[in-house]
Amino acid sequence: MPNRSTRIWILCVALGLTASVLLVRASSGQAPSGERAEAQKAPFVVFLGTGTPGPTPNRQGPSLAVIAGGKAYLVDVGVGIVRQANAAYAKGTQELNPRGLGIAFVSHLHSDHTIGLPDLILTPWVMGRTAPLELYGPPGIAAMAENILKAYTEDIRIRITGLEQGNTTGYKVNAHEIKPGVVYQDANVKVTAFAVPHGSWPLALGYRFDAGGKSIVFSGDTAPAESIVQACNGCDLLIHEVYFGVPTSTVHLPEHWIKYMATFHTSAEQLADIATRAHAKTLVTTHLAIMAGATEADLLAALKKGYGGKVAVAHDLDVVTP
Ligand SMILES: [Zn+2]
Ligand SMILES: [Zn+2]
C-alpha cells in the first residue's frame with residue numbers, strides 16, 4: 001500500500017500523462033476535448049500557397065489560414081486553396097476540413113489573390129458545407145462574388161435539382177466590403193484591417209489577427225508601408241511579401257517590370273528595414289518573387305543583413321506558431 005506522498009506522486013504522474021495526451025491530440029489535430037481545450041490552443045498559421053501570379057508548380061497562389069480556437073480564418077484566396085486546405089487536413093489540421101471552410105479575408109482584388117474564389121465558394125458546398133461563405137474584402141469583392149455565382153448558375157441549378165441533392169444554402173456568399181479598422185471579432189480572434197500602398201489600387205489591405213495573446217500581422221501586397229510598422233509594433237509574427245533579385249550582366253529584366261516591382265512591392269532590403277522598425281519578433285516571407293537567378297539562400301542572407309530577429313522563407317503547407 002503506497003504512503004500518502006507516494007499516492008500524490010502517482011496522481012501527479014497520472015495527471016501529467018493526461019495533459020501530455022491532450023497536448024499530442026491538440027497538435028495532431030485529432031478530436032479536441034471540449035470547447036475549453038480548443039479556446040486555449042495557441043493560434044498558428046498554415047501557409048496554403050506562397051506563390052505569385054506566376055504558375056510555379058511548387059508554390060500555389062497566395063493564401064494562408066490563421067487557426068485559432070479550433071477555427072480556420074483564411075486570408076487571400078489564391079489558386080489551389082481548397083486542395084491545399086485538404087492536404088493540410090490530411091496531415092492533421094482538422095480545422096482545414098474543406099467542408100468547414102467558412103470565412104475568408106481578401107487583401108485586394110488582384111487575380112492571384114482571388115482566382116481561387118469560385119473554388120472556395122463552390123467546392124466546400126459540393127462537399128457538404130451548408131452555411132454561406134463569409135467573405136471580407138475591399139470594395140468590389142461583393143460584385144466579384146455575385147458575378148462568380150452568375151457564371152456558375154447552371155452548375156448550381158444542376159447540383160441542387162439533380163441527383164446530387166445539393167443543399168440550397170452552402171453556395172451562397174455574405175460579402176462584407178470593409179474599410180480600415182476592426183472588421184471582425186468573435187470569441188477566438190479580433191481582426192483589424194489597415195491600408196497598404198499597392199501601386200494604383202484604390203484600397204489594398206493588410207490584416208492584424210489578435211488571438212490567444214498572440215499577434216499576427218499579414219502585409220498583403222504592398223510597397224514599403226509605415227502602416228505595417230504601426231500595425232505590427234512588436235508583433236509576434238510578421239508575414240510579409242517580398243521580391244528579391246537584381247539584374248546582372250547575364251540576366252536582364254524589362255525596364256517596366258523593374259519599375260512595377262519598385263512601385264507595387266517590397267524588396268528584401270526594404271523589408272529588413274520595415275521588420276526592424278516594426279520590432280517584429282519573427283519575420284516570415286511569402287508571395288515570393290525571386291528573380292534574376294537569385295536563390296532562397298540569397299534572399300535569407302539579404303534579410304538577415306538588415307534584420308536581427310528570427311526569419312524564415314515560407315513554403316506551401318508550412319505551419320508556423322508565433
Ligand atoms: Zn499578388
Ligand atoms: Zn497585388
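1. Helices (H or I, at least four residues) and strands (E, at least two) are taken here as DSSP runs, numbered from the N terminus. On that basis, the protein has eleven helices and 14 strands. The model is a predicted one, in which local features need pLDDT of at least 70 and side-chain atom pairs count only at pLDDT 80 or more, while totals for chains, interfaces and linings use all residues. Residues are numbered from 1 along each chain as its sequence is written, and chains are lettered from A and ligands numbered from 1 in the order in which they are written.

2. Just after helix 5 (residues 117-126), Gly-128 adopts a positive phi of about 125°. Helix 5 itself is mostly covered, with seven of its ten residues buried; a residue is buried if 20 or more other C-beta atoms lie within 10 Å of its own, exposed if 12 or fewer, and partly exposed in between, with C-beta atoms placed from the backbone. The buried residues are Leu-117, Asp-119, Leu-120, Ile-121, Leu-122, Pro-124 and Trp-125. Their cover includes helix 3 (81-90), helix 4 (111-114) and helix 6 (141-151), together with strand 4 (103-105), strand 5 (133-137) and strand 6 (173-177).

3. Two residues other than glycine also deserve attention for their backbone. Asp-76 has a positive phi of about 65° and lies in the loop between strand 3 (71-75) and helix 3. Asp-76 counts as buried because it has 28 C-beta neighbours inside 10 Å. Gln-165, with a positive phi of about 55°, is found in the loop between helix 7 (153-161) and strand 6. Gln-165 is exposed, since 8 other C-beta atoms lie within 10 Å.

4. Gly-80 also belongs to the loop between strand 3 and helix 3, and is partly exposed, with 19 other C-beta atoms within 10 Å. Leaving aside residues up to four places away in sequence, Gly-80 touches Gly-49, Gln-60, Gly-61 and Gly-116; two residues are in contact if their C-beta atoms, placed from the backbone, lie within 7 Å.

5. Across the protein, buried residues make up 39% of the 322 residues. The largest nonpolar core holds 75 residues, of which Val-45, Ala-65, Val-66, Tyr-73 and Leu-238 touch the most other members. Strand 11 (residues 237-244) gives the most to this core, contributing six residues. A nonpolar core is a set of buried Ala, Val, Leu, Ile, Met, Phe, Trp, Tyr and Cys residues joined through C-beta atoms within 7 Å. Not counting residues up to four places away in sequence, Val-66 touches Pro-43, Val-45, Tyr-73, Val-75, Phe-209, Ala-211 and Ile-216.

6. How do helix 10 and helix 11 pack? Helix 10 (residues 268-277) and helix 11 (residues 296-306) pack at an angle of about 40°, with their axes 8 Å apart; axes are lines fitted to C-alpha atoms, for helices over the stretch in contact, and angles run from 0 to 180 degrees between N-to-C directions. The contact is made by Ala-268, Glu-269, Leu-271, Ala-272, Asp-273 and Thr-276 of helix 10 and by Leu-299, Ala-302, Leu-303, Lys-305 and Gly-306 of helix 11.
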